[in-house]
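Here's a quick tour for anyone opening this structure for the first time.

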Amino acid sequence: MIKLSDISRTFQVGDEPVHALVDINEEIRQGEHVAIMGPSGSGKSTLLNILGCLDKPSTGSYYLDDREVAELDEAALTMVRRHQIGFVFQFFHLVHRLSAAENVELPMIFAGQPRAERRGRVAKALDAVGLSHRADHLPDQLSGGERQRVALARATVMEPEILLTDEPTGNLDSASGRVVLDLLDRMNDEGLTLIVVTHDPKVAHRADRILVLVDGRIERRVAGDQISEILAMLADEDET
Amino acid sequence: MTLADLLRFSLKGLTGHGLRTALSLLGVVIGVAAVLILTALGEGARRYVIDQFASLGTNLLIVVPGKTETTGTVGAGGVPNDLTLQDAEALVRGIPEIERVAPLTMGTEQVAFGERRRQVAILGTTYDYMLARQIEVARGSFLPDEEMHRGSPVAVVGPKLAREVFSGEDPVGQIIRVGGWRMRVVGVLAWQGVKMGVDFDDLAMVPVSTAMQIFNRTSLFRILIQSSSHADIDILRDKSRRLLTERHGEEDITVISQDALLTTFSGILGALTLALGAIAAISLTVAGIGIMNVMLVSVSERTREVGLLKALGVGRRQILSVFLTEAALLSTFGGLIGLVMGWLAVGALVRIYPAFPAAAPNWAVAAALAVSIAVGVTFGLLPARRASRLDPVVALAGR
């Protein structure tokens, strides 16, 4: 359960303060599938970073399961990222010198899980994304879609409550993109809270709800299947 | 995170950049090998000198004319009295703890056999000299065991001199001319090389009185005293000095104990070894800076990876320990390889120059390894801290 109240995030760029997020108020229930849309520079990524505890709001409160994140110290934030949150990035962020299986194993190594247990969970996570046969391949030997599926396995191997994804299909062709989206949907069906930042209406329309960010504010909230209502608006914004 | 996991992960970080890792390893390898080789040379020099002293015989005192210490007493100086054969005889008579006394005089003279001539060192001494200095005779006998003041016209020649002058003939029993004096060759020395600056292969030895006649001298160059093995060398030195001072009416001689000389030389050369090691250690510091450089490059190249690790819930301390472990692994492996290389180099040196007993002292081996590891960790700290403090958002963006 995520609750954002009056969240603002201001960056100092030179002498100019830049308001990346302004007065964000939002609740996201456990198991919900939310898409965040908006033109470039509208604050989508900043919002995702705050949700993922990689960044902190300048003002306002972020409650994660009724815990105020601002009050957590560095060690506690590390634990939140380790156990409650998974990340999937547009550029995969696989460690290129490690095999697919070793990439998936990474969070468990640093979490101190015993080796025998890790092996089983890696196999399970790779199986869930259909890549058991690619376990020993290095990222360079995998296709884009396969790389993103490895990243997905890595993000979910610690069984987080929330999966944050930033343009998960931005670098994929439509066929492998669809495979990744289907996997995301299935994990969401199993109870994982899914928050997707995207430009792509085909990605966004799968969500329960769509938040449209413009200049750091939530401008519109629509249901996923009513995406047509906002397409014209997004097109306008992109032109200006 | 277990230590085994940490080591495995850090090791993969290093092997991911083979060439870069190898080059910074090389710096440590050279540093450690340099410490080993230089201290081995220093230690070799020390042992060489000790061996040289040991080859001169043991329990020896050396009496030289003149006082090497200044007393500051006005008018007490003046020209020292000569050391004489009578002094040597008085030592034998006066001090029962003395095992043997060998008077010594030296000069250069022409040795001729037929038409062949050679200018060589002439050593005038006695039969006891052979025993004190542990000199071996290859053919014939040494100088006759006779009274010091009896100068028989006999000579013992070094093997090189024998080869050059006699050209194949057996020297023993032949008559040679030393200066204007005719001598009968009674023996040939065994090959033994240069000892303390005297080439024992290329000289002639004659009885001390004979040598003093040849050189027309009444004074001795040195007197060698060998104590009976159980006698205290320091007491014997004091007794000898007192006896000669009494005879001369003033203290105008110096009695050197070979042990004291040895201790001094050993100390000086030990300090030299230490200094060589310290100089080599500078190259280890340079290697440490190399490690820091490599780690800094590694951190900036792996900024995205650090960002990812942070997003995956890897703590600051863990990231710090990953990079610190990489630096420590670099320096430890470098140190170990350096030890092996150093050992091989010293081994090769000993094989090429067997006479020079080069060997790295244990303290140098331990210090080289310890310093290399310490250097790696110290210089790895800055890059590791930088990595652990990266802002995850900035790091993920790869900026």
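A salt bridge here means a side-chain nitrogen of Lys or Arg within 4 Å of a carboxyl oxygen of Asp or Glu. By that rule, 3 salt bridges turn up across the interface of chain A and chain B. Keep in mind that this is a predicted model.

**Where chain A meets chain B**
- On the chain A side, 22 residues are in contact with 25 residues of chain B.
- Together, chain A and chain B bury about 2,300 Å² between them, and 62% of that is on carbon and sulfur atoms.
- His93(A), Arg97(A) and Phe110(A) supply 33% of the area that chain A buries against chain B, more than any other three residues.

**Polar links and the helices involved**
- One salt bridge joins Arg118(A) to Asp5(B), with the closest N and O atoms 2.8 Å apart.
- The interface of chain A and chain B also has 9 residue pairs in polar contact, both residues being at pLDDT 80 or more.
- Helix 2 (74–83), helix 3 (100–110) and helix 4 (115–128) of chain A are the elements that each give two or more residues to the side touching chain B.
- Helix 3 of chain A has the largest share of that side, with 5 residues.

**A nonpolar patch on chain B**
- Leu11(B), Phe333(B), Leu336(B), Ile337(B), Val340(B), Met341(B) and Leu344(B) make a nonpolar surface patch of about 620 Å².
- Helix 10 (residues 316–352) of chain B gives the most to this patch: 6 residues.
- Phe333(B) sits in helix 10 of chain B, and Phe333(B) is partly exposed, at 40% relative accessible area.

Technical notes: Residues numbered from 1 in each chain as written. Chains lettered and ligands numbered in written order. Predicted model: local features only at pLDDT ≥ 70, side-chain atom pairs only at ≥ 80, totals over all residues. Heavy atoms only, no water. Patch = residues over 30% accessible without salt bridge, like charges linked within 9 Å, V, L, I, M, F, W, Y side chains within 5 Å. Areas by Shrake-Rupley, 256 points an atom, 1.4 Å probe, with all protein chains shown as cover. Helix = DSSP H or I, 4+ residues; strand = E, 2+ residues; numbered from the N terminus. Buried < 20%, exposed > 50% of the residue type's maximum accessible area, 1.4 Å probe, protein only. Contact = heavy atoms within 4.5 Å. Buried area = accessible area lost by both parts, 1.4 Å probe. Polar contact = N/O pair within 3.5 Å; in protein donor to acceptor, adjacent residues only side chain to side chain.
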